[in-house]
Amino acid sequence: MAGEKSDAALVAAARSGSDAAFSRLVDRHQQALRQFLRRICPSPAEAEDLAQEAFLAAWQKLASLRQPEHFKTWLHSLAWNKARTLARSAARRRVRDTQWQADRPEISAVAADMNLALQQAMAKLPEGQRAVVALCLGGGWSHGDAAKILEMPLGTVKSHASRGRARLAELLGASDE
Amino acid sequence: MSDDRSDIPAVSLAAYFAEDTVPAYDPAFRVAVMESVARRRFRIEFALRSLFGLVLAIALLLSAPAIARALATNSESVTVLAICLVLTGSIALLATRWIRAGQGLPRLLRF
């Protein structure tokens, strides 16, 4: 859109107290962040809570953002760290959820509902692989950017992307040419 | 984005991701985020002002006997005491501002 302020300009305005600028940043990046979190969290409700927490943390830590033009990458990184912390602290609950997932009907039985099928298939991927697939396949991020967000070596990201894509295609019964 | 972006080999796999439905514009989500920002800001502001009030109250309590004495004696002591009270208040105010600056928060609302 013409005349649209850059992320750096909005961050500067938000730092000096503009709530309107920060809410514009929320509007601009909420879709990408929530999609990413929905793909890596066990439930959409948890993803929504995490997305809100990530934005809140971003507001509180705006002063520490060294490169305001990379706000989106930084925001995803904050969210990823929060998701990992939550996953570690809720290990017992995750075991129970995994069991619940395993007891659900096979993916092929619910193939008509693509969202549910994707969510179930993503839940079966290992944590790191899931995050890479969510970013690179789902969010269109480059491997390099994903490596920055997830703080992983580039080679690991590429490996996760390749294996995750193949595993996802297998689980969903989709072709992986 | 750089040129090492993951290519999506299977159309059907891409279709699964395309089905994911987070709206591009979601006022309800924005309101929820800004509400939590306002709540956090209020809590921080409240804590800082409470701290300021507490420091001031302690200073007044400690100086209460001196105030009573000064009021009972002469006006020169009252002047000295007034200066001490102003200094105490100023120190408490500066301490609060110093703590607030240390938080590195965006500018807080003024009540």
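Contact here means heavy atoms within 4.5 Å. By that rule, Ala24(B) touches Asp27(A), Gln30(A) and Gln31(A), not counting residues up to four places away in sequence. The model is predicted.

**Chain B in outline**

- Chain B has three helices and zero strands, and its pattern along the sequence is α-α-α.
- Of the 111 residues in chain B, 26% count as buried.
- Among the contacts in chain B with a separation of 6 or more, 69% come from residues 24 or more positions apart.

- Ala24(B) sits in the loop between helix 1 (11-18) and helix 2 of chain B.
- Ala24(B) counts as exposed because its relative accessibility is 53%, and exposed means over 50%.
- Ser36(B) belongs to helix 2 of chain B and touches Gln52(A) and Leu56(A), leaving aside residues up to four places away in sequence.
- Ser36(B) has a relative accessibility of 9%, so this serine counts as buried.

**Aromatic pairs**

- Over all chains, the count comes to three aromatic pairs.
- One of them is formed by Phe55(A) and Phe29(B), with 5.8 Å centre to centre and 65 degrees between the planes, which is an edge-to-face arrangement.
- This pair joins two chains, because Phe55(A) lies in helix 3 (residues 44-60) of chain A and Phe29(B) in helix 2 (residues 27-72) of chain B.
- Phe55(A) and Phe29(B) are both buried.
- Another pair is that of Phe71(A) and Trp74(A), whose ring centres are 5.9 Å apart; their planes are at 55 degrees, so the pair is tilted.
- Phe71(A) and Trp74(A) are three residues apart in helix 4 of chain A, and therefore about one helical turn separates them.
- An α-helix has 3.6 residues a turn, so residues three or four places apart point the same way.
- Both Phe71(A) and Trp74(A) are buried.

**Helix 2 against helix 4 in chain A**

- Two packed helices are described by the angle between their axes and the distance between the axes.
- For helix 2 (residues 19-40) and helix 4 (residues 71-89) of chain A, the angle is about 35 degrees and the axes are 10 Å apart.
- The crossing of helix 2 of chain A and helix 4 of chain A is right-handed.
- On the side of helix 2 of chain A, the contact is made by Leu25(A), His29(A), Ala32(A), Leu33(A), Phe36(A), Leu37(A) and Ile40(A).
- Helix 4 of chain A contributes Phe71(A), Lys72(A), Leu75(A), His76(A), Ala79(A), Trp80(A) and Ala83(A).
- The residues of this contact between helix 2 and helix 4 of chain A comprise 11 nonpolar, two polar and one charged.

**Helix 8 of chain A**

- Why is helix 8 (residues 143-150) of chain A described as largely enclosed by the rest of the structure? Six of its eight residues are buried.
- Those buried residues of helix 8 of chain A are His143(A), Asp145(A), Ala146(A), Ala147(A), Ile149(A) and Leu150(A).
- They pack against helix 2, helix 4, helix 7 and helix 9 (154-172) of chain A.
- Just after helix 8 of chain A comes Glu151(A), with a positive phi of about 55 degrees.

**Leu135(A), a buried leucine**

- Leu135(A) is part of helix 7 (residues 127-138) of chain A.
- With a relative accessibility of 0%, Leu135(A) counts as buried, because buried means under 20%.
- Leaving out residues up to four places away in sequence, Leu135(A) touches Phe36(A), His76(A), Gly140(A), Trp141(A), Ala146(A), Ile149(A) and Leu150(A).
- The C-alpha atoms of Leu135(A) and Ala63(A) are 26 Å apart, and the two residues are 72 residues apart along the chain.

**Cysteines**

- How many disulfides does the structure hold over all chains? The count is zero.
- The sulfur of Cys41(A) has its closest cysteine sulfur in Cys136(A), 17 Å away, which is too far for a bond, because a disulfide needs sulfur atoms within 2.5 Å.
- Cys136(A) is likewise in no disulfide.
- Cys41(A) is buried, with a relative accessible area of 7%, and Cys136(A) is buried at 1%.

Methods:
Residues numbered from 1 in each chain as written. Chains lettered and ligands numbered in written order. Predicted model: local features only at pLDDT ≥ 70, side-chain atom pairs only at ≥ 80, totals over all residues. Heavy atoms only, no water. Axes fitted to C-alpha atoms, helices over the stretch in contact; angles between N-to-C directions. Helix = DSSP H or I, 4+ residues; strand = E, 2+ residues; numbered from the N terminus. Left-handed = near helix turned anticlockwise from the far one by under 90°. Nonpolar A, V, L, I, M, F, W, Y, C, P; charged D, E, K, R; others polar. Buried < 20%, exposed > 50% of the residue type's maximum accessible area, 1.4 Å probe, protein only. Phe/Tyr/Trp six-rings, centres within 6.5 Å; stacked < 30°, edge-to-face > 60°.
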